Amino acid sequence: MSATARRSARKYPASAPYLFIAPFFVLFVPFGAGSVLLALGISFLDWPLGQPPEFAGFDKFATVLDDPLFGKAMGNTLYMLVGFLLALLPLCLFVAVLLKQLRRRTANLVQVVIFAPITMSLIAVALVFDLLYNERVGFVNNVLDLVGVGPVPFLTDADLAPWSIIALRIWRVLGYYAVILYAGLQSIPDEYYEAAQLDGAGAWQRFRHVTFPLLKPVTLFVLVASSIAAWELFAEVQVLTDGGPARSTLTAVMYIFGASFEQFDLGKGAAASVLLAAAIIVSTAVASRLLRSDDRA
Amino acid sequence: MRKRVAGREVTRSGRKHKPIAQRLGRGAVVGLIVVVAAFPLYWLLISSLKPSTRLGEVALIPSSVTFENYIAAFDTQIPRWLLNTFGIALLTTLLGVSVAALAGFGFARYRFRGRSVLFGMVLASLAIPEYALVLPQFTIMRQFGLLNTWAAVILPLAANALVLFLLRQYFSQLPEELFDAARLDGSGEFRLFWTVAVPLVRPGLGAAGLLLFLNAWNAYLLPLVMLTNSDQFTMPIGLAFLHSQLNFGIVETSPWGAITAGTVISIVPLILCLLVMQRQFIGSLTAGAVKA
């Protein structure tokens, strides 16, 4: 009895848990939580890099919101985000359903191949696509040249460039999300399909009434994860178009980077990042509210 | 026998009747997907093996193969960038796995004052886009004179909330009896962690390590902001820098050779890991998704 009492009282030194979590928080306090507060703080400052900061209230927010370029950048980002999602979601659902119809071994082999692009840096992917898109050395244009067509201005036409960027991003993540959805598909019990088949449901009806509703939580995860990534579009655009032509691919993160590290206006950069973060958090919260309401647990 | 993929049992009985044309059609679609996924990588490899003057040639099998681009790459700063990338990724992985494993164990195995607030803070930080944190992280590193050092990239990347979350899940699945037994033998708490818990969560540590390594190896914005001296560049920054020099030059004098060879070098380590480990690799990178 006294042994159990002592055990429930304490079986380890009171400091033990704090010692375990301390090293993580030594890093997390400045670079995680602290940086969030710091970003908020800097957004209220007039702080040209290398000079002492001064309090500026909401001035920097006003500057950013009045700047037509910021609106353009947010608009471009949203345009590419929507185009990206509309193309990505049906494609990766299609690939996942297809994977499930294959023999296990074939499916595993295909998975490995389509998973490769996600292991590459965005820069590597951008450079690979320049070997396809480039007007002088690009594969596609050189093939078209053989048949006397083109060149297609993949990256130098204001209407086409956003879609060239979208295609590149889809190539990079399609396999990754298809594999996630495929894992979700495998957790749907066979019995549901058997029952549906007995009820005379065709392939489309089985997808519509069995696969799709049961896969909804995973699909919503894909939606949230891929849209956060799309909000943060930056690296491949910086390398391939540098926001051009005619600022048609200028993105929100690129605007922030320009304000902070090219104009060295830290307050403006921070204000723009707070606004972008707010947009991301709001859109994520809306999507994960949907996700949670679907969770039966 | 465990049943195979959902839906198979039903279709299998009907498989005999499935028209050949339908199966051929599906095979063709699968083939197309594989080609679309693999062709850009194949083309990169081929391009890196062609003399740069023939970069624009469209032959699917090059008429001559040369390693001159790889030799040229080693005359640039690429070896240095490779070393930086490898050092940063390795140290980020070691540090990140260590702190997340300790903290994951702490959060999973103990009840203590402030636990839910602290863990809630870590979880909430997952909602903050990392790009919003680069600017404050830059001002901190600048304040401490750490710009252009590996530490400026390693420290922010090692504090990975997703990895902590993942490892906490692994540690909380262990039965408490294991620890009680070891405590009766007089083990201290750190000993419990190191000799009882850690060996049992090796798969989790592997997944965490892979996530951290891949993240650091491919990082772009953070090193771009922190590392401005070309000696300190990582591969993604260096390759983007070489590419930025293309626009003003003509093909013949441009560093295309170093770029294609350098890109191949930068993607080979992780693609090799994928080919060797296959299921574990894919499982590790999708673990965060499936658990969430």
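Visitor: Which residues of chain A does UniProt list for "transmembrane region"?

Guide: The unreviewed UniProt entry lists residues 20–45, 78–99, 106–129, 160–183, 214–234 and 270–291 of chain A. UniProt positions are in the numbering used here, feature names are shortened, and annotations may be inferred rather than shown by experiment. A word on the source: this is a predicted model, in which local features need pLDDT of at least 70, side-chain atom pairs count only at pLDDT 80 or more, and totals for chains, interfaces and linings use all residues. Residues are numbered from 1 along each chain as its sequence is written, and chains are lettered from A and ligands numbered from 1 in the order in which they are written.

Visitor: OK, take residues 78–99 of chain A. What is the span made of, helix or strand?

Guide: Residues 78–99 of chain A are 100% helix and 0% strand, with the end C-alpha atoms 31 Å apart. Helices (H or I, at least four residues) and strands (E, at least two) are DSSP runs, numbered from the N terminus.

Visitor: And residues 160–183 of chain A, how far apart are the end C-alpha atoms?

Guide: They are 34 Å apart, and the chain there is 96% helix and 0% strand.

Visitor: Which residues of chain A does the "domain: ABC transmembrane type-1" annotation cover?

Guide: That annotation, also from an unreviewed UniProt entry, covers residues 74–287 of chain A. The span is 76% helix and 0% strand, and its end C-alpha atoms lie 19 Å apart.

Visitor: Switching topic. How many residues does the contact take from chain A and from chain B?

Guide: It takes 85 residues from chain A and 79 residues from chain B. Two residues are in contact if their C-beta atoms, placed from the backbone, lie within 7 Å. Helix α2 (residues 16–42) of chain A gives the most to chain A's side, with 18 residues.

Visitor: How do the residues on that side of chain A divide?

Guide: Into 64 nonpolar, 14 polar and seven charged. Here Ala, Val, Leu, Ile, Met, Phe, Trp, Tyr, Cys and Pro count as nonpolar, Asp, Glu, Lys and Arg as charged, and the others, Gly among them, as polar.

Visitor: At what angle do α2(A) and helix α5 of chain B pack?

Guide: About 45 degrees, with the axis of α2(A) 12 Å from that of α5(B) (residues 115–125). That makes α2(A) oblique to α5(B). Axes are lines fitted to C-alpha atoms, for helices over the stretch in contact, and angles run from 0 to 180 degrees between N-to-C directions. Angles under 35 degrees count as roughly parallel, over 145 as roughly antiparallel, 65 to 115 as roughly perpendicular and the rest as oblique.

Visitor: Which residues make the contact?

Guide: A:Ile21, A:Phe28, A:Gly32 and A:Ala33 come from α2(A), and B:Leu118, B:Met121, B:Val122 and B:Ser125 from α5(B). By class they are six nonpolar, two polar and no charged.

Visitor: Within chain B, how do α4(B) and α11(B) cross?

Guide: Helix α4 (residues 78–109) and helix α11 (residues 202–218) of chain B have axes that come within 8 Å and cross at roughly 140 degrees. α4(B) and α11(B) are therefore oblique to each other. Their contact has eleven nonpolar, five polar and no charged residues.

Visitor: Back to chain A. Where is A:Pro245?

Guide: A:Pro245 is in the loop between α11 (235–240) and α12 (252–261) of chain A. The peptide bond from A:Gly244 to A:Pro245 is cis, with omega near -10 degrees.

Visitor: What about A:Asp242, is its phi positive or negative?

Guide: A:Asp242 has a positive phi, about 50 degrees, although it is not a glycine. A:Asp242 is placed in the loop between α11 and α12 of chain A. Most residues other than glycine have a negative phi, and most peptide bonds are trans.
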